[in-house]
Amino acid sequence: MSAPAAPAPGAPVVELDLAELRDDPYPAYAELRRTAPLAWVPSVGRHLLTRYEDIVRAEKLPEVFSSREEGSLLLRTVGPNLLREDDPVHRRLRAAAEPPTRPRQVRDLWAASFERTAHQLLDRLEDRGEADLIADFAEPLAAANLALVLGLRTASAHDIADWSRAMMAANGNYADEPDIWLRAERATRAIEDAVAEAVDAVTDTPDGSVISSMVHAADPVSPTEIQNNVKVVIGGGVNEPRDVFGVGAWALLRRPEVLERVLKDPAVWKRVFEETARWISPIGMYPRQLAQDHEIAGVTLPAGSRVALVIASGNRDESVFERADEFDPDRPHRPHLAFGGGPHFCMGAWVARHEVSAIAWPLVFSRLKGLRLAENTPDRLDGWVFRGLTSLNVTWQTP
Ligand code: HEM
């Protein structure tokens, strides 16, 4: 299967400026949905698929929209892994890794530790009266929780966050910068050492973690497959919970009437989570490659064509979500696409939902009294492949 970096015959070509997309991709997506729902975008080197129904349709056809993208930077960074495999290999790897991330396991095995870590981070902040909740709270919390669920006992939250940044930089290293590859190589070596220690520890004594689950899988997973899957989870499991925490907290601090209602009725936190993930999706798009010729959105894509499923755009599709650009936790329920769909539906969805909506937000808003956005330090949203706040500067009354 060749992968032509060229438009399919008949596909509209739309020039988009990457800096503008990073700044705010939503106006460009609205235009694409209206005029060219499948468009070749030269700066991205892919066809962008932007309407909700088309993305859902593509996700129902994994045998057509393959996850085995040729020449992907992710493959170069971590090697073959579950995210970039199709069934049956994907199914075997997913079945081995997934059990510790299911809702019951999250509640029974991990929730108490998630809560303890959140309290410890807030203990350190409470007297300060000001913080950047992204760097000082959300990122270390997401990293520590990930280390726990993966079973990386010797890695600190700082290590995990650092490795995650190195992996993500490499996955987006389209400019082929040698320093970025070097940093990623150092991170992957360190992850391999940490995984090897964890594998040794759980071989005789299973501990319920993702690594333990892969080591003891009924359908065996090789040591390299374990390494690579851990790398991919580290690369993608820190920034998304961090970003959904940050964007949701920011949205509430700018809408006191919604915040007041959530504080009175904690059941609303779950709706706030789903609406935040829909409104500003932490992952904006992900790639697929056509395994066979297929017609979608009025264009016949030849086998090998590169496509990006732009879920951030599908999540703002006005034909599905009324007033789609507004943040409204009370909107009628329609399933959003922020966790993807089909066989690769996010494995960490229940981990993220619990750590953010049941623990991080309720604790931050109850412990930091009078929490408000800091004046004169505007927080900026950034990114289109991944999107979130670069900082969340807040102040509160000290005890
Ligand atoms: C709000 C937080 C999160 C969001 C929005 C999110 C989003 C996504 C999306 C869109 C995909 C599909 C990508 C594709 O099909 O190419 C995905 C896959 C995945 N996610 Fe997440 N994610 C989040 C948190 C997490 C966490 C905390 C973990 C780890 C505990 C995690 C682990 C994974 C894994 C392993 C996959 C690959 C699944 C497979 O290929 O079968 N995610 N995620």
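Helices (H or I, at least four residues) and strands (E, at least two) are DSSP runs, numbered from the N terminus. Helix H14, for example, spans residues 268–279 and contains Arg271. The structure is a predicted model, in which local features need pLDDT of at least 70, side-chain atom pairs count only at pLDDT 80 or more, and totals for chains, interfaces and linings use all residues. Residues are numbered from 1 along each chain as its sequence is written, and side-chain values use heavy atoms, with hydrogens and water left out.

Donors are N, O and S atoms within 2.8 Å of the metal (3.2 Å for Na, K and Ca); water is not among the atoms, so sites may look incomplete. The only protein donor of the ligand iron is the SG atom of Cys346, at 2.3 Å. Cys346 sits in the loop between helix H15 (311–314) and H16.

The shell around the ligand holds 25 residues. A residue is counted as near a molecule or strand if one of its heavy atoms lies within 4 Å of it. His90, Arg94, Arg288, His344 and Cys346 come nearest. By class, the shell divides into 16 nonpolar, 5 polar and 4 charged residues. Here Ala, Val, Leu, Ile, Met, Phe, Trp, Tyr, Cys and Pro count as nonpolar, Asp, Glu, Lys and Arg as charged, and the others, Gly among them, as polar.

A polar side-chain atom of His344 lies 2.6 Å from a ligand oxygen. For His90, the distance from a polar side-chain atom to an oxygen of the ligand is 2.7 Å. An N or O atom in the side chain of Arg288 is 2.8 Å from a ligand oxygen. Two or more shell residues come from each of helix H5 (89–97), helix H11 (223–237), helix H12 (239–253) and strand S5 (286–290).

Glu59 belongs to helix H3 (residues 52–59). With a relative accessible area of 10%, Glu59 is buried. Buried means under 20% relative accessible area, exposed over 50%, and partly exposed in between (1.4 Å probe, protein chains only). Leaving aside neighbours within four places in sequence, Glu59 is in contact (heavy atoms within 4.5 Å) with Tyr286, Arg288, Leu309, Gly340, Gly341, Gly342 and Pro343.

Helix H6 (residues 103–125) is kinked by about 60 degrees, with the kink centred on Trp110. The bend at a residue is the angle between axes fitted to the seven residues ending there and the seven starting there. Buried residues of H6 include Val106, Trp110, Phe114 and Leu121. The buried residues of this helix pack against strand S4 (130–132), helix H7 (134–150) and helix H16 (349–367).

Three backbone features stand in loops. The peptide bond from Asp87 to Pro88 is cis, with omega near 10 degrees. Pro88 is in the loop between helix H4 (73–78) and H5. Arg323 is not a glycine, yet has a positive phi of about 45 degrees. This residue lies in the loop between H15 and H16 and is partly exposed, at 40% relative accessible area. Asn376 also has a positive phi, near 65 degrees. Asn376 falls between strand S9 (372–373) and strand S10 (381–382), and is exposed at 76% relative accessibility.

Several contacts join positions separated in sequence. Ala297, in the loop between strand S6 (294–296) and strand S7 (299–301), is partly exposed at 25%. Its C-alpha atom is 5.9 Å from that of Leu38, 259 residues apart along the chain. Beyond its neighbours within four places in sequence, Ala297 is in contact with Pro37, Leu38, Leu49, Asp54 and Arg57.

Ala251 lies in helix H12 and is buried at 0% relative accessibility. Not counting residues up to four places away in sequence, Ala251 touches Trp279 and Phe327. The C-alpha atoms of Ala251 and Phe327 are separated by 7.6 Å.

Arg271 is partly exposed, at 38% relative accessible area. With residues up to four places away in sequence set aside, Arg271 touches Arg261, Pro329 and Asp330. A polar side-chain atom of Arg271 lies 3.2 Å from the backbone oxygen of Pro329.

Notes: A polar contact is a pair of N or O atoms within 3.5 Å; within protein, one must be able to donate a hydrogen and the other to accept it, and residues adjacent in sequence count only if both atoms are side-chain atoms.
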